[in-house]
Amino acid sequence: MQIIKAKPGQAQEISDLIKEVVNEVLARTGDYDDFEIGEWLKRTTAEAIEEKMQSREIFVAVEGEKIIGTIALENQRILGFYIKKELQGKGIGTEMLKFVENYAKENKFGKLDMTSTPIAVEFYKKRGYEDLGKVRVKLGEAIMTETKLEKQL
Ligand SMILES: CC(C)(COP(=O)(O)OP(=O)(O)OC[C@H]1O[C@@H](n2cnc3c(N)ncnc32)[C@H](O)[C@@H]1OP(=O)(O)O)[C@@H](O)C(=O)NCCC(=O)NCCS
């Protein structure tokens with residue numbers, strides 16, 4: 001597996017991966033209603049991903065030619081972190097998190113933070129992120145409750 005900066009030509013494949021994880025993992029947790037999932041999907045089209053590449057660093061984990069995970073950074077903020085459904089729980093997310101932590105250290109960000117989905121809160125806590133409590137996050141027309149976490153680097 002290799003972690004590299006995503007290219008605009010990979011926007012469709014990244015979009016497909018995110019849609020699959022939103023539909024087949026997050027929508028099944030019971031943490032979101034149909035409206036929230038709909039708003040989420042609207043913001044993950046290939047066009048939206050390509051536009052986001054202007055303001056964030058999007059990284060992808062690739063195995064051969066295939067994208068198996070993605071994570072993004074906008075300054076010190078982790079965004080858009082998804083691992084292909086059938087490959088979750090195998091350590092790929094941990095490697096991607098370490099990758100962005102090293103990137104953040106090299107670029108002297110000082111810390112990393114994110115607002116986490118309910119299912120990923122324990123994942124971050126086990127990896128040294130401090131739980132700063134619940135926050136309301138706007139996603140399109142939906143307002144969701146997520147947990148803010150951060151780690152000093
Ligand atoms: C959260 C996520 C990025 C972690 O990536 P990953 O490759 O599954 O992570 P790892 O295999 O390195 O570690 C998984 C850890 O989380 C737990 N876990 C979370 N979701 C899991 C899943 N669907 N399957 C298996 N394990 C899961 C594992 O038990 C493991 O626990 P550990 O801390 O005791 O090691 C990934 O599961 C994912 O894409 N989840 C859905 C999208 C999401 O919620 N993203 C976070 C946005 S803030």
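The largest nonpolar core of this predicted model holds 28 residues, of which Ile14, Phe59, Ile71, Ile78, Tyr82 and Val100 touch the most other members. Such a core is a set of buried Ala, Val, Leu, Ile, Met, Phe, Trp, Tyr and Cys residues joined through C-beta atoms within 7 Å. Buried means that 20 or more other C-beta atoms lie within 10 Å of a residue's own; exposed means 12 or fewer, and partly exposed lies in between, with C-beta atoms placed from the backbone. At least two core residues come from each of H1, S2, strand S3 (66-74), S4, H4 and S5. H1 gives the most, five residues. Helices (H or I, at least four residues) and strands (E, at least two) are DSSP runs, numbered from the N terminus. In soluble globular proteins, nonpolar side chains tend to be buried together.

Two conventions apply throughout. Residue numbers start from 1 along each chain as its sequence is written. The model is predicted, so local features need pLDDT of at least 70 and side-chain atom pairs count only at pLDDT 80 or more, while totals for chains, interfaces and linings use all residues.

Start with isoleucine 71. Setting aside neighbours within four places in sequence, Ile71 is in contact with Phe59, Ile78, Gly80, Phe81, Met96 and Val100. Contact here means C-beta atoms, placed from the backbone, within 7 Å of each other.

Alanine 61 lies in strand S2 (residues 57-63). Alanine 61 is buried because 22 C-beta neighbours fall inside 10 Å. Beyond residues up to four places away in sequence, alanine 61 touches Met1, Ile3, Ile68, Gly69, Ile92 and Met96. Glycine 93 is 32 residues from alanine 61 along the chain, and their C-alpha atoms are separated by 9.4 Å.

Next, the helix packing. Helix H1 (residues 11-24) meets helix H3 (residues 46-55) at an angle of about 115°, with the axes 8 Å apart. Axes are lines fitted to C-alpha atoms, for helices over the stretch in contact, and angles run from 0 to 180 degrees between N-to-C directions. H1 contributes Ala11, Gln12, Ile14 and Ser15 to the contact, and H3 contributes Ala46, Ile49 and Glu50. By class, the residues of this contact are four nonpolar, two polar and one charged.

Helix H2 (residues 34-42) carries isoleucine 37. This isoleucine 37 counts as partly exposed because it has 17 C-beta neighbours inside 10 Å. Isoleucine 37 touches Val22, Ala27 and Tyr32, not counting residues up to four places away in sequence. Leucine 26 is eleven residues from isoleucine 37 along the chain, with 8.3 Å between their C-alpha atoms.

Now the ligand. It is surrounded by 20 residues, and the closest are Gln88, Gly89, Gly93, Thr94 and Thr117. The shell has eleven nonpolar, seven polar and two charged residues.

Threonine 117 sits in the loop between S5 and H5. Threonine 117 counts as partly exposed because 18 C-beta neighbours lie inside 10 Å. Leaving aside neighbours within four places in sequence, threonine 117 is in contact with Leu26, Asp31 and Glu146. Glutamate 150 lies 33 residues from threonine 117 in sequence and 14 Å away, C-alpha to C-alpha.

Aside from neighbours within four places in sequence, valine 137 is in contact with Thr115, Met144 and Glu146. Valine 137 is partly exposed, with 13 other C-beta atoms within 10 Å. From valine 137 to threonine 115 the C-alpha distance is 8.0 Å, across 22 residues of sequence.

Two loops remain. Most residues other than glycine have a negative phi, and most peptide bonds are trans. Asparagine 75 is not a glycine, yet has a positive phi of about 55°. Asparagine 75 is in the loop between S3 and S4, and counts as exposed because it has 12 C-beta neighbours inside 10 Å. Lysine 108 also has a positive phi of about 55° without being a glycine. Lysine 108 is in the loop between H4 and S5, and its 7 C-beta neighbours inside 10 Å make it exposed.

How values were computed
A residue is near a molecule or strand if its C-beta atom, placed from the backbone, lies within 6 Å of it. Ala, Val, Leu, Ile, Met, Phe, Trp, Tyr, Cys and Pro count as nonpolar, Asp, Glu, Lys and Arg as charged, and the others, Gly among them, as polar. Two residues are in contact if their C-beta atoms, placed from the backbone, lie within 7 Å.
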